[in-house]
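Hi,

Here is the structure I promised to pass on. Have a look at it first, and my notes follow below.

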Amino acid sequence: MRKPFVAGNWKMNTTNHSGMTLARAVAEGCRNSMLERMDIAVFPPFVYLRSVGRALADSRVAVGGQDLHWEQKGAFTGEISAAMLKDSGCVYALCGHSERRHVMGESDEIVHKKILAAVAGGLLVVVCAGELLEERQAGRTEQVVRRQVEAALAGLSAEKLGAVAFAYEPVWAIGTGKNATADQAQTAHAFIRGLIRNSYGSEAASETRILYGGSVKPGNARELMEQPDIDGLLVGGASLEAGDFIAILEASAHAKGIINRE
Ligand code: PGA
């Protein structure tokens, strides 16, 4: 069975103080709730990685970077390398979040270079992919997701695929309060798994985790996680409230049958 993986993307939110308070509350909630059989992570702003990491010390919650640059070092003002993320305690890196793609203008090629740099730097990568509303309405969801996933995986060896998880995040569902239905998400996840199968074979496809992201809340987490191809959740807004994030973790664990306590 794929180990469920639930992560909180804090985006450009929190202060140092509120981030540490949130991290401590998340660590505490995870301690109490028998979530041993899940991977849990938070993605704080770069400048708080160390302090949030300290607040999470001895907990089950890992930290990750929301982005990185593809070069190892040099004259790239304002950028952060894979080695710097590692050095700041990161286990994970996000690549190709839709806000990077559509607000910061990152191309498939840039996302691809970042994925290769992150994997080469020893990070586990969560690669985001998803269509815009007009692309869905025009019936182009699969075409867009195929292009993003194939570009992401180009040149990645089967061995390195083990360091990659995907997050299907339909752009129209992010921060809008309008999540994809469980059926819509399951269809897209099965499609992504099929793409991985085509390139790497059935075993690799059955081992690769695919998370859903976009307006995940305590009230919809369980139904989403009950879908066979949804292996985890990437949570934005609701991860800023410890109680909501813990409730999402618990709903996920229930959905995958790894907590029996109601
Ligand atoms: P949201 O964001 O949960 O606030 O919709 C999800 C994401 O962007 O990862």
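In the side chain of Lys11, an N or O atom sits 2.7 Å from an oxygen atom of the ligand. Gly175 reaches a ligand oxygen with a backbone N or O atom at 2.6 Å, and a polar backbone atom of Gly236 is 2.8 Å from an oxygen atom of the ligand. The ligand taken alone exposes 280 Å², and the protein buries 96% of that (accessible areas by the Shrake-Rupley method, 1.4 Å probe).

Around the ligand there are 13 residues (each with a heavy atom within 4 Å of it). Lys11, His97, Glu169, Gly175 and Ser215 are the closest. Sorted by class, this shell has four nonpolar, seven polar and two charged residues; Gly counts as polar here.

A word on the source: this is a predicted model, where local features need pLDDT of at least 70 and side-chain atom pairs count only at pLDDT 80 or more, while totals for chains, interfaces and linings use all residues. Residues are numbered from 1 along each chain as its sequence is written, and side-chain values use heavy atoms, with hydrogens and water left out.

Now to helix H9, residues 182-200 (helices are DSSP runs of H or I, at least four residues, numbered from the N terminus). Its 19 residues should span 27 Å at 1.5 Å a residue, and the end C-alpha atoms are 26 Å apart, which agrees. Just after H9, Gly201 takes a positive phi of about 95°.

Best wishes

Terms used:
Helices (H or I, at least four residues) and strands (E, at least two) are DSSP runs, numbered from the N terminus. The expected span of a helix is 1.5 Å times one less than its number of residues. A polar contact is a pair of N or O atoms within 3.5 Å; within protein, one must be able to donate a hydrogen and the other to accept it, and residues adjacent in sequence count only if both atoms are side-chain atoms.
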